[in-house]
Amino acid sequence: MCLQVEQVRLLDRFSSKSTNGTLYLTATHLIFLQKETFILHHHIASVEKLSLTTTGCPLVIQCRNFRMVQFVVQRERDCHDIYSSLLRLLRPGGYEDLYAFSYNPKQNDQQREEGWQLIDLGAEFERMGVPCDQWQLTDVNRDYKVCETYPRDLYVPITASKPIIVGSSKFRSKGRFPVLTYFYQEKKAAVCRCSQPLSGFSARCLEDESLLQAISKANHNSRFVYVMDTRPKLNALANRAAGKGYENEDNYSNIRFQFVGIENIHVMRASLQKLLEVIGSRPLSMSDYLVGLESSGWLRHIKAVVDAAIFLTKAVTVEGVSVLVHCSDGWDRTAQVCSLGSLLMDPYYRTIKGFMVLIEKDWISFGHKFADRCDQLDGDPKEVSPIFTQFLECVWQLTEQFPQAFEFSEWFLLQIHEHVHSCQYGNFLGNNQRQREELQLRERTHSLWAFLMSEKQNYLNPFYSPAYSEAHPVLEPSTLPYHFKFWRNMYHQFDRSMHPRQSILKTILTLRENSRKAESTLQALETVKVQRHEEDDEQEEVGEEAMESTDTERTVEGSSGTDSRKQSYGELEGTYNSDVAKEEPAVVSLEFGVARMTC
Amino acid sequence: MEFSEHIKTANVEDVVLRQPLHPPSRGTLCITGHHLLFSDREEGSSRQVLLLLRNIDAIEKRTSGSSGTITIKCKDLQVLQLDIPGMEQCLNIAHSIETLSCLDSVSEMYPFFYRPADLSLQDQWGLSSPESYYSQMKELHGRWRLSSVNRDYSVCPSYPPAVIVPNSIDDDTLRKVAKFRQGGRFPVLCYYHRKNGMVIMRSSQPLTGANRKRCKEDELLLQAVIDGSDKGYIIDTRSSQQAQQARMTGGGFESKSCYSHWKRLHRQMERGKALQESLIKLVEACGDESNNMDRWLSKLENSKWLSYVQTALSTAGLLAECVERDGHSVLVHGSEGTDSSLLISTLAQLIMDPCCRTLDGFLALLEREWLQAGHPFQQRCAHSAYSHTRLQQESPVFLLLLDCVWQLWRQFPLALGFSEALLLRLATEVYASDYGTFLCNSDQERCAVGVKDKTHCLFQALLRPREKDYYSNPLYEPTELAIWPSVHPQSLQLWRGFFLRWTQQIRHLEEAQEEIRNMVIEWGKLALS
């Protein structure tokens, strides 16, 4: 199906500017031509039809990648058509309707299969040094019988027998018993994860106690393990009334219990909502902005997650103590803290490939509910929450503090975020591995990681220094509040007027690329020189040819994944003369507040 | 006066120095007339810390038992601590610092004693002047002239001897206009926009007073500025209410009826005490590590510093829009015309004029628009954010300028020829310096004490090859285009490089900057070979 409406105006939400064009609806995209705006239906979070004005009928579209567009459609009937079509398109009947199942990047089956093989978690655990004399692979969950939201392959202490594991899993929410997620080889300290115990006010479980004991015993460096409950204490207490709760230190020998106070998915959802309301609607005064930023609490939550990750990192790397991390179900806050902690401890996760592995391990395989949290199927709005976005932001905050420690740049994070919501690749579909297998995603969809790897050049951080990582394997960020910034490139990704008109990153990448070419030209010339000595003729032509090859300059785009994104970063081209001279003095309408360059 | 009067204890052994980013070290402390010198005597290291006493904004002393601790808070926001054995010694040192750090007499200040080997007092002083600006701008010569009506500083004590004014206005008229403007600051040209021949003028407020006094000569002068064109804009850096109120104290504004071709625009810009207090609040917030996120954001908001940055940039943008896009000449003034007017005319020139964006061009701009235009540096920068003394004329207008320039640089990292390091250096030098450049309040005062003969010029020093390399922007790509900054609050940022200068995190960023420089140089070599 394709709908086409002419004479539609696209308004810029931060200035009085607008563009006229034609709006198309295809099966997968909403397209506005004139400005080359492509919006994937899966990206649309909400569509709102405002009441008719003299100029037409306004249609406001909010996207999950924080794009917000407002169209004004001349005729109300057209507007209604678009509106109702969009509403229909936005409600996929099931997974099968998602873009990933129809997306075809012209690859054959073998290439597709290779793409899926790029990340191998078995190899990842081997890299960490597991299995080893204390930790082993268990097949207890081979058929998803013990815990259906966990992956098949799980690593547990050697001394943890099957009955202990099964017993413990019955005492944990959703059966998510303690398993290994990261092993810090240097100190033999483990990071384990699970869900909350079903302890209520007094229940205990001997198997669970022995499993924790086994985790503790597996680390000879320390006589105890930390149990980190990432929830605020009050929430954990409240859970006891529902027969859940937290570990009682008296029942478990050798544990040290600690709350770290990260808020739940509902608080996070509301916080982001508030933030978007503050920044989204209109040009702001500095005071409104700062007050809004404060009252949204967003940066406070980001700091809380980083603080928790630092606690985890210190316990493992400095004290050499193993840590068991949980929250309620162990798939939101637990995923955030474990993955961010690992990233601080292990330079590998700060590389492009390593970061993919990290997401694959702590988020995808351990069952972060991407389908619910990202609202892939128009499900329960109360299940939606920006937990993964928050994780990406925490990583971004770290890249800002340690510009040389990460192989990837901001664009990599943004691109991942884009595709977590695009449903264009199979990786993030569904809520857990079991579901993904049922959907046969490996056979029917493509892997994002392969695509990102093929575009690796675009995501490199030119300041990355492997030597820096060698000297600082463990990052020690500061969480003093003034080190946290508002992530404009995420939340205002598509508001180009707010971005710097020139990008250091892009310039450096281009320069580097050029110099690389110059270098290879140089080498080519060297070869030519050698040849010259041998055969004295025709040197001139060869030399020239080699020089010419440098002319084809690769243009570096911050991200080139989706067409819709391309235009949003501050390239200089196309901004000159884009503003038509006004008859009224600029002074009155003062559209100042827009970064641009003019002749 | 002898400095030695104030130095009862010149040397103390076994002092422990605690400094940000360094482990504590033990060594000898030495006080001289202008410096505090610490040398590390520990084995294997030979660290020396030389601190200009003028850089010290405030000290706190604590004694316990037989020893004492002095906390030194510098104008460049560094905080140091000295643990000194012996109570008397500690008190002596503290007393010396207190007295010597705020000597009043200009000619006793360090620039008059600073004699580096590679600079000579015979070297040229300064980079630019109205004379040189006029002679370079051939386009000016038809309608504008260089007037030396102020050659003996009698018409306007805060102006330089030469100024650029409309050709048709003679010196007698200028004298009369000067009487009608506060402090004698009659309208003079400070920028000529080559693309359309429009100009920026600046002045102080007209002294219309409560009875709406007029001055025919003033009206004539402004008329001559717009000449054939249909109108000009006056940007008044006060709110219209403030401008009204100013009439009660003898000041005022250009009324529509008397200046019919001029359209007045009011933009309220904070100045004076409010700005100083803003800086104090912000620095306090940055120094308090016990803040949680909410308190930090609330203090940041409460300090209003970023709001002032936003206002300054958007007012400068307005000014540039009037000239560049609307094609009209503009007169800028507030009340005295020595602070916000200079701030926005400088920023507008950076936005519009590529010549001001090179390292040399920027320094020359500062020389014309701040030093010669009579920004009272000595009064404004006597103390910074830590001082406990009662505030008088202090106000960090120049710092606000540097912050705004930094914001421009962040948004157009390729368009400016200088680096953040230059802005940081200037932010330090303006409060305490080896050089004479920022001494005194006006050209007249500088002449009187012989600054140009007896001290060295900072700007010349910054342009020595090695320094110039360091302060240049390795990514600089000149552009003829105007650079319009975004002034959305989301596009502006706390200037961490300055306000959090002494934290480890900023070091990481500096290392990355250094990395850029090295890479670009490396690639440059490759490209050449």
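Author: Rings of Phe, Tyr and Trp (its six-membered ring) pair if their centres lie within 6.5 Å; planes under 30 degrees apart count as stacked, over 60 as edge-to-face and the rest as tilted. By that rule, a search of the whole structure finds 48 aromatic pairs over all chains. This is a predicted model, in which local features need pLDDT of at least 70 and side-chain atom pairs count only at pLDDT 80 or more. Residues are numbered from 1 along each chain as its sequence is written, and side-chain values use heavy atoms.

Reader: Why does A:Tyr150 count as buried?

Author: Buried means under 20% relative accessible area (exposed is over 50%, partly exposed in between; 1.4 Å probe, protein chains only). A:Tyr150 has 0% relative accessibility, so A:Tyr150 counts as buried. A:Phe366, at 2%, also counts as buried.

Reader: Why is the pair of A:Tyr425 and A:Phe451 called stacked?

Author: Their planes lie at 20 degrees and their centres 5.5 Å apart, so the pair is stacked. The limit for stacked planes is under 30 degrees. Both A:Tyr425 and A:Phe451 are buried.

Reader: How do you know that A:Arg256 lies over the face of A:Phe224?

Author: A charge sits over a ring if NZ of Lys or CZ of Arg is within 6 Å of the ring centre and within 35 degrees of the ring normal. A:Arg256 lies over the face of A:Phe224 at 3.8 Å from the ring centre.

How values were computed. Chains are lettered from A and ligands numbered from 1 in the order in which they are written.
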